[in-house]
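Grab a pencil and take a look at the structure below. The exercises that follow come with solutions that go step by step.

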Amino acid sequence: MDNNSLHPQSEHKAALGASMYVPTTHKDLLAIANGDKFSHLRSVILCTEDAIAERDLSYALFNLSLALQNMCDESDTLRFVRVRNLDVLARVLAMPGAEKLSGFVLPKSTRHNFAAYFEPVRHTHHLLMPTLETVDVFDDEEMKQFRIILSAPEVRRRILALRIGGNDLLALLGLRRPTSGTIYQTPLGQVIGRLVTIFKPHGFQLTAPVFEHLSQGSWLDAEVAQDMAHGMIAKTAIHPDQVPQIERHYQVAQSDIELALRIIDPDSPAVFRMQESMCEVATHSSWALRIIEQARLFGIRHAADNAAAHLPNISLTQLSSDEGIARP
């Protein structure tokens, strides 16, 4: 396949939303991948890594191969496989139906192993989401060097987002996420902040770590709010009930959409006062375009009708380059 051709779903990459992880041993793997079950999923990650015990790997890959063969060619759900290692990546790529996947989540990505993962997909249309979850993440210089590798033109256009592997990073510190609190209240809070400043100014998007405590909904709400304050575009979900709870936060407040529309209005002055805040067109336009696109994807909070459908027609390609959109 022409390596200039990315997966046709790449235009919808900003709508990852809450990506639900599903072990590839799941009995309903095909129904989930086809959207027949949990049809509300915007993206799904079929996991062959930590969710699969070594003794179950053969069955997991067999189950995945059956699903790929019978998977519908097109789907409104972005479909990824989180590979376990290079061998599993090669085996999945060789499966009939692998071309139906949107792409792959790469485990424990570093500047030292990325080239080995990239080479097998170089001539496919698959998008990639490297996962930052090794000890290198604690070294800012390592992350900057990794960013340089990911910025190569033939690589950059393949990178949908970088995933932050919170549990692996906490494990490296001998910690587990507390049941009361968010991940930003652990030592990872500062680490996530540094990853944001290292990658986002250069156009890379980041996704937030999983929240693993299913009975702590209020803390999940608090964490998603902090995810968004850090500019995260998506979050891992481990249960279908978490998906609407997470994505509810991605809806845009009516007051924000009013601000955004005023900021991009060509008739607005360079600086003006609105909602008791200073609005500066030159510095706030990027935010405004992102808010409008987010409203189009996830809706407007407390809107009486489907106001998102009435937004001006601003395409993803009009977002500034620092919004991290990999263009075909």
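The side chains of E54 and R84 meet in a salt bridge, with N and O 3.0 Å apart; a salt bridge here is a side-chain nitrogen of Lys or Arg within 4 Å of a carboxyl oxygen of Asp or Glu. E54 sits in the loop between strand 2 and helix 2 and R84 in the loop between strand 3 and helix 3, so this pair ties together parts that are 30 residues apart in sequence. Helices (H or I, at least four residues) and strands (E, at least two) are DSSP runs, numbered from the N terminus.

A word on the ground rules. This is a predicted model, where local features need pLDDT of at least 70 and side-chain atom pairs count only at pLDDT 80 or more, while totals for chains, interfaces and linings use all residues. Residues are numbered from 1 along each chain as its sequence is written, and side-chain values use heavy atoms, with hydrogens and water left out.

## Exercise 1: the whole chain

Find out how many helices and strands the protein chain has, and what share of its residues is buried.

- Step 1. Go through the chain: there are 12 helices and 12 strands.
- Step 2. Look at burial: 53% of the 328 residues count as buried. Buried means under 20% relative accessible area, exposed means over 50%, and partly exposed is in between (1.4 Å probe, protein chains only).
- Step 3. Check the contacts, meaning heavy atoms within 4.5 Å. Among those between residues at least 6 apart in sequence, 74% join residues at least 24 apart.

## Exercise 2: salt bridges

Work out which parts of the chain the D50 and R82 pair ties together.

- Step 1. Start with the idea: side chains of opposite charge can pair when their charged atoms come close.
- Step 2. Find the pair: D50 and R82 form a salt bridge at 4.0 Å, N to O.
- Step 3. D50 is in the loop between strand 2 and helix 2 and R82 is in strand 3, so the pair links parts 32 residues apart in sequence.
- Step 4. Widen the view. D50 and R82 belong to a network of salt bridges that also links E49, K108, E133 and D168, and the structure holds 20 salt bridges.

Now try a pair within one helix: how are D87 and R91 placed in helix 3?

- Step 1. D87 and R91 form a salt bridge, with their closest N and O atoms 3.6 Å apart.
- Step 2. They are 4 residues apart in helix 3, which means about one helical turn separates them.
- Step 3. D87 is partly exposed at 44%, and R91 is partly exposed at 39%.

## Exercise 3: two helices

Check whether the span of helix 2 agrees with its number of residues, then see what its buried residues pack against.

- Step 1. The expected span is 1.5 Å times one less than the number of residues. For the 14 residues of helix 2 (residues 57-70) that gives 20 Å, and the end C-alpha atoms are 20 Å apart, so the two agree.
- Step 2. List its buried residues: L57, A60, L61, N63, L64, S65, A67 and L68.
- Step 3. These pack against helix 1, strand 2, strand 3 and helix 3.

Then turn to helix 5: where do its buried residues sit around the axis?

- Step 1. In helix 5 (residues 140-150), the buried residues are E142, M143, F146, R147 and L150.
- Step 2. They cover an arc of only 145 degrees, so they are on the same side of helix 5. The arc is that of the directions from the helix axis to the C-beta atoms.
- Step 3. Their packing partners are helix 4, strand 5, helix 6, strand 6 and helix 8.

## Exercise 4: a buried arginine

Find which side chain makes a polar contact with the side chain of R163.

- Step 1. R163 is in strand 6.
- Step 2. R163 is buried yet has no salt bridge, and the nearest side chain of opposite charge, E133, is 8.7 Å away. For charge, Lys and Arg count as positive and Asp and Glu as negative; His and the chain ends are not counted.
- Step 3. The partner is T236, whose side chain is 2.8 Å away. A polar contact is a pair of N or O atoms within 3.5 Å; within protein, one must be able to donate a hydrogen and the other to accept it, and residues adjacent in sequence count only if both atoms are side-chain atoms.
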